[in-house]
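Visitor: I would like to learn how to read contacts and cores in a model. Could you walk me through it?
Guide: Gladly; let us look at the structure together.

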Amino acid sequence: AMLRGAVDAAVAHGRAQLVLLLGEAGVGKSRLAEELAAVAECDHEAIVLEGRCVPYGEANVWWPVAEALRQALSLSTEAPFTIAKDHALDVVARTLDVDPDGEEAARVVEGLLYLLGYEVPLRDIDPQRARDEATRSVLALVEGYALDHPVVIVLSDLHWADPLVFEMIDDMLARLGRFPYVIVGTSRPGLEERWVPRHGRHNTAVLNLDPLERGAAEELLALLLEHEAPDDVRALLLDRSGGNPFFLEELVSLLGEGSVAPVPAESTAGSVLADLPDTLRGLVS
C-alpha cells in the first residue's frame, strides 16, 4: 500500500519519488519492484524502464542506465552504431518535439550513445564534461517522457552500482523533482555506507524487507508442494529456509527435481533434509 501510494502521489502531484527496497538476497526485492512497475503501467499507463547493476566488472560503468535507455530507444545490445543513432534520433525527435536534423536532437543523441558505450566525439573530451553532457541527455529524455506519461525507472542491485550511477540518480531527482516519475531501487542492506540520496524536492520512501513470518511461509510452502509431506519435514523446510522465499522455493524445487531423494510418506525430516544445503550460498553452489 505504501509503494502504491508513492506512485499515486507522483502522478497526482507531479512530484518525483525515490523508492528504495532493502533486504537480503532472495527476500523478494525484485519481485516487489516488478509488481510496483506493473501497477504503475496498468493503473497510470506509465512508461517503465529497467536496468540492473552487475557485480562482475562490466566495462561500461553506466550499464544499468544503459539497459534502461536501450528499452526507451528499442535497441538491442548488438545494434550497430548507425542503427542505434537512427533509432535514437527518431525517439528523441518525437519525445522532445524537436527537429531530427537540428542541433538539440544531435546533442541529446550523442549523450545517449555515449552512455550506451558507442564511440562518439564525447569520448575525446574531458571526462567530467562528457558525463555532464550524458546526464543532460538522460534528463532531457526522461523529462520529455514525463510530460505525457508517468515514468517508472527500476534500478536493481544498487549495492553493485558505480558511484557515477548514484550521482546521476541524484542529478535526476534534483533537476526533475516536479515531474511525475518514480525511481525504484533495490539493494542489499548497507547501501547507506556507499550512498545517501541528496535532499531535494522529491519524496523518498525506504522499505526494509524482512523474511516471511511463519504463517506466510507456511502458505507459500503449501502452494509450492505438489504432494503432501509429513509435518516434521514441512517444519524443517520452513526452519531451514528462515522465511526466505527464494530459499524455500529452491529447496522445494530440489525435492521435486530429484536432486535429493523423493519424499515418501514415511520419511523423517532427517532423512529428507540430509542432502539439502544448509545456506542460501550453498543452495546457489
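Visitor: Leaving aside its neighbours within four places in sequence, which residues is Ala46 in contact with?
Guide: Contact here means heavy atoms within 4.5 Å. With neighbours within four places in sequence set aside, Ala46 is in contact with Ala40, Glu41, Pro150 and Val152. Please keep in mind that this is a predicted model, in which local features need pLDDT of at least 70, side-chain atom pairs count only at pLDDT 80 or more, and totals for chains, interfaces and linings use all residues. Residues are numbered from 1 along each chain as its sequence is written, and side-chain values use heavy atoms, with hydrogens and water left out.

Visitor: Where is the place of Ala46?
Guide: Helices (H or I, at least four residues) and strands (E, at least two) are DSSP runs, numbered from the N terminus. Ala46 lies in the loop between α2 (29–44) and β2 (47–52). Its C-alpha atom and that of Val151 are separated by 5.3 Å, although the two residues are 105 apart along the chain.

Visitor: Why does Ala46 count as buried?
Guide: Buried means under 20% relative accessible area, exposed over 50%, and partly exposed in between (1.4 Å probe, protein chains only). Ala46 counts as buried because its relative accessibility is 7%.

Visitor: How many residues does the largest nonpolar core have?
Guide: A nonpolar core is a set of buried Ala, Val, Leu, Ile, Met, Phe, Trp, Tyr and Cys residues joined through side-chain atoms within 4.5 Å. The largest one has 58 residues, and Leu115, Val138, Leu158, Met172 and Tyr181 have the most contacts inside it. Among the elements giving two or more residues to this core are α3 (63–73), α6 (127–146) and β4 (181–187). Helix α6 gives the most, with 9 residues. There is also a second, separate core of 16 residues, which includes Ala46, Val154, Val182 and Val184.

Visitor: Which residues does Thr135 touch, not counting those up to four places away in sequence?
Guide: Thr135, found in helix α6, touches Met168, Asp171 and Arg175 on that count. Thr135 is buried, with a relative accessible area of 5%.

Visitor: And how many helices and strands does the chain have?
Guide: The chain has 12 helices and 5 strands. Buried residues make up 47% of its 285 residues. Among contacts between residues at least 6 apart in sequence, 72% join residues at least 24 apart.
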